[in-house]
Amino acid sequence: MNKGVAVVGASETTELGVIPNLSQQQLHADAALNALEDAGLNIKDIDGLATAGDRPTDLAYYLGITPKWVDGTAVGGCSFMLHVRHAVAAINSGHCETVLITHGESGRSGVGRGGFAAAPSSLAGQFEMPFGPMGPTSLFTLPVLRYMKDYGMTHEQLAMVAVIQREWASKNPRASQKEPITVEDVLNSKMIAYPFHLLECCLVTDGGGALILTKAEKAQDFPNKPVYILGTGESVETPMISQMQSLTSSRAFSVAGPEAMREAKISHDDVDHLMIYDAFAHLPIYGLEDLGFCERGEAPSFIEERNTAPGGRLPMNTNGGGLSYMHSGMYGMYAMQESVRQVRGVAPAQVPDVDVSLCLGVGGMFGASGCVVFSSEPSF
Amino acid sequence: MDKSKRALPKPTPETAHFWEGTKSKQLLLQSCSSCYHTYFPPRPFCPACGSKDVKIQIASGKATLDSYVINHRNHPAFEGPYSIAIVKLEEGPQMMTNIVDCPQTPEALQLDMPLTVKYEELSEDITLPLFSPVGANDE
């Protein structure tokens with residue numbers, strides 16, 4: 001199936017963090033124009049468009065694109081990983097040649113941003129919202145006490161996820177939070193939704209990012225090092241966290257991750273660099289186990305023993321992650337941007353010799369997942 | 001606490017029986033006559049096997065505490081930190097709820113503790129199923 005597709009252009013918005021002077025739509029456009037410049041392409045070269053958060057119709061019109069393929073799959077923060085998977089299929093089957101995937105989100109400043117409230121007649125509106133959840137901080141966090149009881153994870157181990165990601169962020173000039181922190185700092189930070197403290201919850205910032213994909217056979221003709229897509233996976237589970245099949249594992253992770261690795265024909269030992277979407281501190285723990293990098297219950301000590309930290313054998317979330325780098329609401333695009341930078345060899349906290357980077361995204365509250373395996377080589 | 005500030009559910013044709021049930025202090029699940037799967041939330045077919053041969057089942061109202069958070073952010077319907085929980089019903093399904101009639105603390109809220117349903121009327125049409133620790137309301 002995968003005859004070969006590569007990322008030939010990638011960029012984030014010029015600024016990240018607090019950007020009150022740009023609307024959400026313009027954040028998409030800023031990232032898209034930067035990615036086009038990175039690829040040495042003109043907007044008229046784009047014949048396929050995918051986006052989430054805003055409609056492809058809005059973006060095609062705003063950017064001046066006449067697409068012959070569009071994808072508006074919107075399953076939350078990992079939508080952009082699913083767009084990559086769908087774009088690979090579209091390019092391979094000849095529906096289009098050059099796809100632009102954009103993300104822009106005025107998550108902090110709220111300039112030109114729509115709402116997310118569940119309709120009172122939806123299942124979540126009837127069977128979750130009446131009990132007082134206030135967005136992701138009191139929903140996404142709900143399963144973790146079950147994980148802690150079943151596997152003996154301590155509060156200190158959960159805090160350690162944030163501490164190690166801050167170590168990575170301290171090496172990244174574009175990270176929102178760069179000051180080193182300790183486990184005590186995390187446990188002394190404000191309680192948001194027990195057992196989660198402020199520093200175990202993602203940032204809320206503004207920004208955007210864009211990717212440009214085309215046929216692998218043309219990928220050497222572009223100004224920057226191409227990054228090949230070796231494999232992809234996707235799945236969805238439930239719009240309600242209370243209905244997860246297991247509170248200690250994501251079914252969507254367990255489908256999307258292994259499928260991407262199977263398609264890429266890689267094993268765990270082949271992965272040089274890992275991104276696991278960290279809206280909250282427990283996500284890397286669930287992700288490491290659902291991807292099969294750790295046995296059940298072993299991810300907290302794997303992280304505590306510095307395997308994913310700078311100098312560790314499986315560097316993870318090397319931009320600082322949603323906890324310390326940036327999180328606009330739909331962070332998946334930034335995770336993929338860091339995978340691309342690491343494979344290109346241009347990341348601020350560059351890991352030596354990254355040939356394979358695996359990027360796992362989440363959408364909603366463990367509701368969906370997309371996974372992409374990036375590589376410096378067209379096949380493995 | 002101003003319970004009128006809770007988000008008010010709007011029943012659909014598929015869920016109306018559930019909300020009629022809570023009004024008369026019954027917790028209604030559905031079970032499949034083909035594969036005997038008991039499920040929630042409501043829908044007119046079995047999510048395990050797809051059969052439309054399903055019937056309404058009255059739940060015992062007994063559950064255990066599966067997981068929870070104690071939300072510390074201000075919500076107009078709640079006074080001070082409050083629990084948002086996932087409980088496992090005796091019949092198998094999970095549901096979101098609040099644990100009431102006990103301190104909203106990690107010490108009082110122990111995972112796997114036994115719970116029983118109680119009902120809180122929000123409006124003429126909507127009564128919510130909440131849960132309390134077994135024995136919490138005994139004199």
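Contact here means heavy atoms within 4.5 Å. Everything in these views comes from a predicted model.

**View 1. T248(A) and the residues around it.** Let's start with one threonine. T248(A) sits in the loop between β8 (227-236) and α8 (251-264) of chain A. Which residues does T248(A) touch, leaving aside its neighbours within four places in sequence? The list runs to R146(A), Y147(A), D150(A), Y151(A), Y286(A) and R296(A). T248(A) has a relative accessible area of 8%, so it counts as buried. Keep R146(A) from that list in mind, as this arginine turns up again in the next view.

**View 2**

**View 3. The side of chain B that touches chain A.** On chain B, 40 residues are in contact with 34 residues of chain A. Together the two chains bury about 3,100 Å², and 63% of that is on carbon and sulfur atoms.

View 4. Which elements give two or more residues to the side of chain B that touches chain A? They are α1 (16-23), β4 (62-71), β5 (82-89), β6 (94-97) and β8 (127-133) of chain B. β4(B) gives the most, with seven residues. This strand also pairs with a strand of the other chain: β5 (residues 191-194) of chain A and β4(B) run antiparallel, over two bridges. To find the pairing by eye, look for A193(A), whose bridge partner in β4(B) is N71(B).

View 5. Y194(A) and P195(A) are joined by a cis peptide bond, with omega about 10 degrees. P195(A) lies in the loop between β5 and β6 (196-197) of chain A.

**View 6. Strand β7 of chain A and two of its partners.** Is β7(A) mostly covered or mostly open? This strand, residues 206-215, is mostly covered, as nine of its 10 residues are buried. β1 (residues 5-12) of chain A pairs with β7(A) in the antiparallel sense over seven bridges. One pair to look for is V7(A) with its bridge partner L213(A). β4 (residues 99-106) of chain A also pairs antiparallel with β7(A), over eight bridges. In that pairing, G104(A) has G208(A) as its bridge partner.

**View 7. A three-stranded sheet in chain B.** This open sheet has the strand order β2-β1-β3, with antiparallel pairing. β2 (38-39) and β3 (54-58) of chain B each have a single partner strand, so one side of each is left without a neighbour in the sheet. β1 (residues 28-32) of chain B is joined to β2(B) by two bridges. Across that pairing, Q30(B) stands opposite Y39(B). A cis peptide bond is also worth a look here: the one from F40(B) to P41(B), with omega near -5 degrees. P41(B) belongs to the loop between β2 and β3 of chain B.

**View 8. Two loop residues with positive phi.** F366(A) is a residue other than glycine with a positive phi, near 60 degrees. You'll find F366(A) in the loop between β10 (356-363) and β11 (368-375) of chain A. For D112(B), phi is near 75 degrees, again a positive value in a residue other than glycine. D112(B) is in the loop between β6 and β7 (114-121) of chain B. How accessible are these two? F366(A) is buried, at 0% relative accessibility, whereas D112(B) is partly exposed, at 36%.

Terms used. Residues numbered from 1 in each chain as written. Chains lettered and ligands numbered in written order. Predicted model: local features only at pLDDT ≥ 70, side-chain atom pairs only at ≥ 80, totals over all residues. Heavy atoms only, no water. Buried area = accessible area lost by both parts, 1.4 Å probe. Helix = DSSP H or I, 4+ residues; strand = E, 2+ residues; numbered from the N terminus. Pairing = 2+ DSSP bridges. Buried < 20%, exposed > 50% of the residue type's maximum accessible area, 1.4 Å probe, protein only.
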